[in-house]
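Q: Please take one part of this model and describe closely how it packs. Give the definitions on which the description rests.

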Amino acid sequence: MSTAVSIENFGLFIKGQWREKRTTTDVLNKYTQKVIAKTAVSEEQDVQDAVKAAKEALTKPFHPYERYAVLKKAAEGLRERQEELATILAEEVGKPIADSRGEVERAALTLEISAEEAKRIHGEGIPVEAAPGSENRQAYTKRVPVGVVAAITPFNVPLNLVCHKVGPALAAGNSVVLKPAEVTPVSAIVLTEVFEKSGLPVGRLNVVTGAGSKIGEWLLQNNDVDMFTFTGSPKVGQLIREKAGLRKVVLELGNNSATIVHKDADIEQSATLVAQKSFNNAGQVCISVQRVYVHEDIYESFLNKMKDVTNALVVGDPKDPATNIGPMIAEKEAMRVEKWVNEAIQEGASVETGGKRDGVFYEPTILTHINDNMRVCREEVFGPVVAVTTYNDVDDVISRVNDSEYGLQAGLFTNDLAFAMKAADQIEVGGLIINDTSGYRVDHMPYGGVKKSGSGKEGPKYVIEEMTEERIVVFNL
Ligand code: NAD
């Protein structure tokens with residue numbers, strides 16, 4: 001006799017109401033591949049209703065101290081539901097439970113920082129009287145909300161990256177229409193329940209789930225959407241940029257992150273951090289280490305230590321506290337990674353460890369004897385694969401790091417001040433991390449890339465600049 005399993009059905013959240021739909025999408029547990037939830041599939045009318053509700057909400061006051069209180073309460077609400085949310089993340093993403101708990105804690109912090117920033121949005125006095133003929137004038141600027149913000153988010157960090165958009169957008173006085181990733185929408189829906197109980201005014205947050213391409217298109221066609229904030233692949237980012245017209249767009253896209261390990265580096269520390277940040281979340285992190293350039297003097301000992309750390313990583317059930325690496329998001333993604341690694345091997349790469357796929361799992365894999373033109377180096381792998389190679393000249397390694405279409409973050413292990421300063425000047429990225437890997441991030445720092453990695457910054461303080469317009473007010477006295 002089979003036991004009936006109740007699978008929760010989640011509706012859309014529009015104008016403060018949950019809206020059930022007949023058509024739903026199955027959300028899978030990425031480890032067991034069993035259905036854990038069903039989410040409503042939006043139709044065009046739902047998306048139009050969501051935008052309308054967001055626009056209407058802007059007509060009612062939502063003062064900074066109220067935004068602060070709501071965001072603070074939502075942060076507490078997330079913490080109260082930490083274990084439930086961590087379990088959801090472990091299931092819907094396949095993220096190890098310790099990392100999932102960490103994501104919930106970071107998400108709460110992101111909302112808390114957004115709450116604090118809600119009280120600090122300000123303009124400045126502008127000395128217009130300094131211009132001849134303006135002696136009797138005075139001016140100041142103020143930052144006003146952009147209006148309706150459409151937020152579109154990826155699968156890999158589905159709670160904290162949603163908070164990085166919703167938190168600052170609300171803090172700045174905007175309304176939001178959120179479209180979470182199809183394969184990992186449940187944590188965002190629970191976040192919405194948390195906001196509902198935190199006193200958020202009706203219409204300030206609306207959630208539409210379903211197919212990204214359709215919802216994206218309906219949002220792009222709706223001129224009541226004032227701004228798009230998107231985190232995801234460069235392909236979709238570019239499409240949004242092209243179709244958004246003159247509206248504001250913030251894009252947080254991919255990377256093939258490099259980390260340099262110089263000859264004076266602490267081998268134990270650097271090899272451990274590089275191994276951890278190459279395989280974290282099965283490599284499905286935008287700042288995951290993908291290319292490692294090690295000075296030839298320390299290459300052998302660095303590689304041996306990195307292999308030891310990698311071989312000790314436990315691959316398995318994300319809900320088992322011993323697990324370091326869970327499944328990839330889908331078998332087709334694991335098959336793509338397998339194909340890219342096999343292609344590299346055919347082109348001369350050696351597998352130092354890993355290199356095998358088992359269904360949706362791909363082993364943490366270190367490749368050597370690579371060249372910079374292989375797909376595993378040039379494109380974003382977004383899987384647990386890292387390519388390790390050597391260099392002997394500082395200028396040469398900087399130009400190899402820069403020889404990339406991407407530029408999100410890079411890491412450099414060295415205590416050589418001259419090299420560090422040169423790298424800070426010359427490496428073309430949004431963030432350079434000295435004595436850690438490209439994978440370092442805290443939630444209040446400015447975060448965002450150059451080149452194909454996107455445009456505009458996140459981090460509540462910085463994205464609030466993007467989510468507000470500067471207005472100058474001039475008095476003729
Ligand atoms: P994706 O581009 O496939 O999907 C992202 C979101 O866009 C999803 O919600 C999806 O439904 C939606 N979407 C899909 N087609 C669309 C369309 N035509 N119009 C509008 N929306 C559409 O990305 P993904 O696979 O979910 O995430 C992986 C990518 O995200 C990687 O490239 C990774 O580097 C990047 N990423 C970047 C950051 C960052 O902060 N820079 C953080 C995390 C992930």
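A: A helix crossing is called right-handed if the near helix is turned clockwise from the far one by less than a right angle, and left-handed if anticlockwise. The model is predicted: local features need pLDDT of at least 70 and side-chain atom pairs pLDDT 80 or more, while totals for chains, interfaces and linings use all residues. Residues are numbered from 1 along each chain as its sequence is written, and side-chain values use heavy atoms, leaving out hydrogens and water.

The account begins with α6. Helix α2 (residues 64-80) packs on helix α6 (residues 186-196) at an angle of about 130 degrees, the two axes lying 9 Å apart (axes are fitted to C-alpha atoms, over the stretch in contact for helices; angles run from 0 to 180 degrees between N-to-C directions; helices, H or I of at least four residues, and strands, E of at least two, are DSSP runs numbered from the N terminus). The angle makes α2 oblique to α6 (under 35 degrees is roughly parallel, over 145 roughly antiparallel, 65 to 115 roughly perpendicular, the rest oblique). The crossing of these two helices is right-handed. On the α2 side, V70, L71, A74, G77 and L78 make the contact, and they meet L191, V194 and F195 of α6 (contact: heavy atoms within 4.5 Å). Sorted by class, the contact of α2 with α6 comprises seven nonpolar residues, one polar residue and no charged ones (Ala, Val, Leu, Ile, Met, Phe, Trp, Tyr, Cys and Pro are nonpolar, Asp, Glu, Lys and Arg charged, the others, Gly among them, polar).

Helix α6 also packs with helix α3 (residues 82-92): their axes come within 9 Å and cross at roughly 160 degrees. This makes α3 roughly antiparallel to α6. E84, L85, I88, L89 and E92 of α3 form this contact with V186, S187 and V190 of α6. Its residues are five nonpolar, one polar and two charged.

The three strands form an open sheet of mixed pairing, in the order β1-β5-β4 (strands pair if DSSP finds at least two bridges between them). Each of the edge strands, β1 (8-10) and β4 (24-28), has a single partner strand, so one side of each lacks a neighbour in the sheet. From one strand to the next, the twist averages 25 degrees. Five bridges pair β4 with β5 (residues 35-40) in the antiparallel sense, and V27 has A37 in β5 as its bridge partner.

Helix α2 has a further contact, with helix α4 (residues 97-118): the packing angle is about 170 degrees and the axes are 8 Å apart. That makes α2 roughly antiparallel to α4. The residues of α2 that take part include P64, R67, Y68 and K72, while those of α4 include V104, E105, L109, E112 and A118. The contact of α2 with α4 divides into 13 nonpolar residues, one polar and six charged.

In the contact between them, 26 residues of domain 1 touch 26 residues of domain 2.
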